[in-house]
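I hope they are handy to have beside you as you look at the coordinates.

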Amino acid sequence: MYDVIGIWAGAFFTLAIYSFLYKENPIYRLAEHLVVGISLGYGIAVTYSNVLKPRLIDPVNSGGHWILVIPGLMGFLYITRFFPRISWLSRYPIALLMGTSMGVAFPLTMKAAVLRQLESAIIPLYREGMSWDVVLGSVIMLLGTLAALIYFFFSKPHKGPFFGFGSRIGIWVIMLGFGATFGFTVMGRISLLIGRVQFLLSDWLHLIK
Amino acid sequence: MKRTVPLLIVLVGGILMMVQYFIPHQVSQSIFNYYTDWAPIVSSFALILGIGSLTRVHAHKIRRKADNWQYSWAVLIPLYLMPVLGLIWPKSMGGGMDAPSIFHFMYMYIQIPIQATMFSLLAFYIASAAFRAFRAKSALATVLLLAAVVVMLGQVPIGELLGSWFPKLGLWILRYPNLAAKRAIMLGVGFGMLATNLKIIFGVERNWLGGVGK
Amino acid sequence: MRNCWIGVPVLGIVFLLTSLSWAQQSDAVDRDMSVPPDEVTEKPVADDVALQPVAERIPVEPSRGLAPPGAIMVKNKENDAGDQLVVSFELPADTTGIFAYRIYRRVSGEKDWDLVKVVAAGEPTEFIDGYDPEFPVMPGTLYEYRIASVDPEGNEYFGEIQVAQETPHGEWYHTGKTKVLIACAIFMGLIFFYFNRAQRGVKMYLRPIAGIEAIDEAIGRATEMGKPVLYVPGLSDIADVATIASLTILGRVAKKVAEYQTPLMVPNRDPIVYTVAEESVKQAYLEAGRPDAYDPDSVFFLTTSQFAFVAGVNGIMMREKPATNFYLGMFWAESLLLAETGSLSGAIQIAGTDAVTQLPFFITTCDYTLIGEELYAASAYLGQEPKQIGALKGQDACKAIIITFITAALAFGVLDLLFKSDLVEWLSNFLASPIVE
Amino acid sequence: MSAVSIWERMLNIDRRWIFLGIGIVSVVPFFLRFGLPVVTTDEVESIYNYVDSLGSEDAIFVSFDFAPGTQAENMPMAVAVIRHAFHNHVPVFMTASFPIHQTMMISAIDYVLNPQTEGFYQNVPFGEWERIREKGITDRDEIVAAWEAEGNELPDGALGWAFEGRDYALLGFAPVFNLVILGMTNSIETQYPQDINGNPTGEMPMLHEHKSLREVDMVLTCSGSGVCVWWVTFAREKIGLPVAFGVTAVMATDYYPYIQTGQVLGQMGGLRGAAEYEVMLEENGITPSTDKAFTGMDVQSAAHILIILFIIIGNIAYFAGGFHKKRLLKGGR
């Protein structure tokens with residue numbers, strides 16, 4: 001019974017969202033407002049039971065982990081936002097979060113986004129037994145990366161044989177890549193729709209098996 | 001106090017974590033463990049600010065009887081009802097977070113379907129975006145269009161009916177020129193991130209403190 | 001004088017190459033010491049069986065029992081926090097009938113043994129102890145090990161107890177991360193060099209970016225039409241660089257909006273981003289001299305859930321019909337949902353993100369798109385602060401280094417082809433950052 | 001003049017017609033099956049052949065690492081492999097990496113065991129064949145013989161029995177799942193003392209024969225997120241457990257390198273990968289018909305063709321209407 005009512009509710013709200021495709025309407029508006037409220041309410045409950053309770057309240061209650069009171073108090077400083085005169089205190093936890101996450105990110109970004117990328121960009125153009133499309137691909141890959149990098153030069157005018165020509169090739173490569181990504185993503189997005197259609201036709205209406 | 005202390009926290013915290021990466025010693029590991037333990041606790045309190053903002057905006061709407069103010073109740077009621085039902089309400093009366101309960105029902109049969117459907121709207125939008133954007137207005141736009149069409153056809157069985165080289169061409173574009181573009185963007189983005197990291201740690205970029213000037 | 005900036009990256013490369021080659025050597029030593037487990041699989045078994053003079057010293061039990069394993073070697077693991085040990089043991093001379101080996105460990109002087117590892121017959125006899133969170137290895141503790149041969153029925157035949165030759169201890173520098181350190185140092189050096197130059201008042205050129213120049217025009221259009229401006233600062237948190245860049249731009253946009261007296265709407269998904277955005281906008285109104293025009297409801301928080309957020313923003317777009325939409329920051333799959341709805345509502349749209357997979361959707365649906373790094377550059381463009389421009393210049397210098405490397409790879413590739421040299425491989429080995437975690 | 005207006009109207013066609021078109025092509029193929037042929041690829045064949053080589057003395061894991069959002073893509077993969085394993089009498093352990101993923105696990109097994117499904121397996125819940133277990137019968141053929149000797153008969157249309165505890169175990173979700181994987185390399189029972197129905201796993205014959213991940217022959221992770229990598233880092237790298245990926249189409253290219261390095265046995269990418277598996281199941285007579293993913297591929301084909309048609313129409317209208325000479329449309333890139 002619980003599941004049956006659930007499936008009907010699910011179907012109703014599924015159609016409510018699809019009605020937006022035709023026009024913004026009161027049913028969509030209801031679904032939209034409900035989901036904002038429910039999702040945040042759910043977030044509160046889950047944050048309490050998955051983060052605050054096991055990580056802060058239980059360890060402190062069981063004694064011994066008094067040091068966890070510090071992040072707890074830090075977190076409380078956010079609430080000073082509601083009091084304009086001391087609201088600047090809320091900058092402290094933000095600063096703590098900012099500083100540490102920037103520091104953590106710095107060497108990791110250097111490794112993942114720069115060194116790793118550079119490393120995998122440097123590939124042999126030809127090895128024995130490579131087919132011609134792979135060789136052509138490797139050449140295009142190197143030249144393309146080079147050109148697209150030139151496009152991202154900010155401090156040089158995009159003129160002249162190097163910067164001008166390079167950046168023009170660069171934007172071509174970028175557009176080719178964007179077109180491919182777009183085309184590639186279509187399949188995944190249609191799959192999402194198939195999922196909802198299956199829900200409506202099969203779980204709800206039992207029209208298909 | 002208002003600006004110097006936060007900037008100092010950022011400086012010390014940033015340098016500490018940066019150096020920590022290079023030190024495998026247990027002291028440095030325990031600093032990192034403190035960070036991973038504390039960060040979720042500190043940031044989970046920020047949710048209260050969100051609740052405050054959402055409540056204020058919708059309370060204003062209801063009080064002012066602004067357009068569509070009735071719907072604001074649809075936000076506020078579940079917002080406060082969900083945590084009460086999930087955490088406080090007795091299990092015998094449909095409370096708790098596990099099925100069957102009102103909390104679980106609202107999540108499983110309202111939030112999840114709406115989110116999944118919202119996500120699936122992309123199927124419609126990707127079609128209409130393709131229709132409007134993929135026009136051979138210029139050489140560049142033609143490149144964009146052709147790449148998209150070739151890859152799209154290569155993905156489905158019907159592309160194979162056109163010729164076995166078709167999916168291969170699509171894959172080739174994905175694997176080489178596409179990767180070149182992605183890599184260049186990622187390298188640029190990487191440097192941008194690194195520079196921003198430094199600017200924040202050393203107090204050049206202070207925007208996150210709020211306000212552009214003092 | 002104008003060309004002297006190119007000298008810096010060139011110097012950087014020279015420095016990088018020399019230091020990398022030095023790091024290469026130290027890595028090479030490193031790698032030899034820790035042989036990847038996959039490669040050991042076959043060898044030690046054969047080797048140990050073949051040359052097993054030690055075996056004679058092991059008293060073979062007269063009964064039908066199995067031969068227990070031989071000597072145990074316990075070493076401290078390099079580059080760890082002192083919570084791992086490298087344990088290896090010798091196989092018995094006669095491995096027939098052995099199904100597996102069980103490795104037991106205890107703190108020296110204690111009574112109970114913990115079963116920390118089971119090694120199937122034929123698997124490598126070297127393993128890292130301490131990976132299992134149930135039986136952690138404590139730094140500075142002396143352990144004892146003993147290993148049993150196990151037959152298929154589960155009977156154990158123990159070898160001798162071995163007190164660990166080394167105690168686990170952590171190191172103060174991770175030798176596998178030298179390359180990252182050098183790269184970080186070069187980057188910091190370049191950025192600070194250009195900070196300095198910029199502060200000394202050296203003029204620097206910035207090429208125009210269409211998307212940034214269009215911002216004012218787009219706000220102007222909203223003012224003419226008397227409709228609001230919608231600004232979405234991305235869906236990520238405050239620690240995301242894209243969000244920070246977006247908040248800087250928000251400050252500028254809000255100032256313009258305040259001057260033009262156009263309504264502004266800033267929906268947020270992250271509560272901390274919301275507070276910072278609110279403060280930024282408030283400050284911008286103050287600077288524009290119109291603190292009274294600031295509406296506290298203009299910057300607001302919606303919800304943390306991704307698609308619930310999109311549902312909310314889409315609803316707002318279709319009801320309020322903003323004339324100008326900004327989507328700047330980090331976006332995921334929702335990028336197209338937002339941008340397509342916005343274009344349906346007839347707004348002029350400016351987007352910018354560093355999410356490579358989402359850029360195609362912004363490009364196709366928005367009027368202007370800031371691609372990747374252009375988003376970060378925008379704050380320097382808008383603010384014209386010398387340090388920000390200096391940082392941009394430093395980033396460009398780093399890109400010049402990368403370009404040099406890739407050009408070198410290209411040139412070496414051609415040389416490889418002509419003369420059958422292995423220059424590219426040498427270069428890529430040179431750069432390969434060791435995968436030591 | 002009127003000709004231009006037709007082209008112009010075509011260019012500015014109401015988006016809702018496009019939406020309607022997509023809506024229609026996504027529903028119709030479910031009723032009129034076109035059955036466009038799906039060509040199988042090496043990546044999927046290697047998973048199929050591997051599972052096919054297993055027998056009743058082996059065991060596999062199927063990990064549900066996806067949420068309802070990617071259900072259409074990930075669910076058919078899990079269902080196909082489970083049916084394949086049931087056909088070969090290979091015991092299947094099922095896990096979930098998050099609470100919401102566990103609901104996916106339940107609907108997958110419900111689908112396989114549901115008598116409404118074409119080619120279902122008749123479920124025998126754990127409690128119902130307790131007597132047989134108490135007699136100490138462990139061999140699967142003997143279990144079936146003893147069960148049928150008690151007067152139970154395989155219903156029409158069922159492909160075989162599915163004994164809970166011998167043919168499948170619903171382990172479900174346990175918190176901090178990456179550590180759970182690590183723990184299971186030592187013992188499955190300590191991580192999951194009970195299954196989701198509260199049955200003690202220690203009494204299950206399949207856990208007696210396969211005590212830890214070391215005694216398991218493969219894991220299939222059906223994943224809509226990065227969770228699939230956990231299985232590689234914590235199971236494949238630690239104890240060499242063969243891992244097969246079932247990932248969404250969007251993720252497929254990102255994880256392709258894992259196949260090249262041999263860390264992953266094979267990969268099903270999106271609906272297409274699942275459809276390939278279904279085709280192989282049908283061709284080898286393991287299932288009577290293809291399933292949802294194969295039908296889904298018809299929708300994919302139709303939708304792709306429709307979108308390309310829209311693009312072509314748009315371009316015809318653009319050039320025939322002479323818009324390429326004017327700069328009427330909005331600028332930008």
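1. A word on terms before anything else: helices (H or I, at least four residues) and strands (E, at least two) are DSSP runs, numbered from the N terminus. On that basis chain D holds 14 helices and eight strands. The model is a predicted one, in which local features need pLDDT of at least 70 and side-chain atom pairs count only at pLDDT 80 or more, while totals for chains, interfaces and linings use all residues. Residues are numbered from 1 along each chain as its sequence is written, and chains are lettered from A and ligands numbered from 1 in the order in which they are written.

2. Staying with chain D, its C-alpha trace spans about 90 × 45 × 35 Å along the principal axes. A residue is called buried if 20 or more other C-beta atoms lie within 10 Å of its own, exposed if 12 or fewer, and partly exposed in between, with C-beta atoms placed from the backbone. By that count, 50% of the 333 residues in chain D are buried. Two residues are in contact if their C-beta atoms, placed from the backbone, lie within 7 Å. Of the contacts in chain D with a separation of 6 or more, 73% are between residues 24 or more positions apart.

3. How is chain D divided into domains? Domain bounds here come from an automatic or database domain assignment, which gives domain 1 (1-32 + 294-333) and domain 2 (37-290) for chain D. Their C-alpha centres lie 42 Å apart. Four residues from domain 1 of chain D and eight residues from domain 2 of chain D make up the contact. On the domain 1 side, these are two nonpolar, two polar and no charged residues; in this scheme Ala, Val, Leu, Ile, Met, Phe, Trp, Tyr, Cys and Pro count as nonpolar, Asp, Glu, Lys and Arg as charged, and the others, Gly among them, as polar.

4. Next, the interface of chains A and B. Here 96 residues of chain A are in contact with 103 residues of chain B. Helix 1 (2-22), helix 2 (26-61), helix 3 (69-76), helix 4 (91-121), helix 5 (132-151) and helix 6 (160-204) of chain A each give at least two residues to the side that touches chain B. That side of chain A has 63 nonpolar, 26 polar and seven charged residues.

5. The axes of helix 1 of chain A and helix 5 of chain B come within 8 Å and cross at roughly 30°, where axes are lines fitted to C-alpha atoms, for helices over the stretch in contact, and angles run from 0 to 180 degrees between N-to-C directions. Residues meeting there include Gly6(A), Phe13(A) and Leu21(A) from helix 1 of chain A, and Phe105(B), Pro113(B) and Phe124(B) from helix 5 of chain B. By class, this contact has 13 nonpolar, four polar and no charged residues.

6. Chain B also meets chain D, with 23 residues from chain B and 24 residues from chain D in the contact. Helix 5 (102-133) of chain B brings the largest share of the chain B side, nine residues. That side of chain B comprises 18 nonpolar, two polar and three charged residues.

7. In chain C, six strands form an open parallel sheet in the order 11-10-9-12-13-14; strands pair if DSSP finds at least two bridges between them. Strand 11 (299-301) and strand 14 of chain C are at the edges with a single partner strand each, so one side of each has no neighbour in the sheet. Strand 13 (residues 348-353) and strand 14 of chain C run parallel, joined by four bridges, and Thr353(C) has Ile371(C) as its bridge partner. Both faces of strand 14 (residues 368-371) of chain C are covered, with Tyr368(C) and Leu370(C) buried on one side and Thr369(C) and Ile371(C) buried on the other.

8. Is Lys321(C) buried or partly exposed? Lys321(C) is partly exposed, having 15 other C-beta atoms within 10 Å. Lys321(C) sits in the loop between helix 8 (306-320) and strand 12 of chain C. Leaving aside residues up to four places away in sequence, Lys321(C) touches Lys227(C) and Ser345(C).
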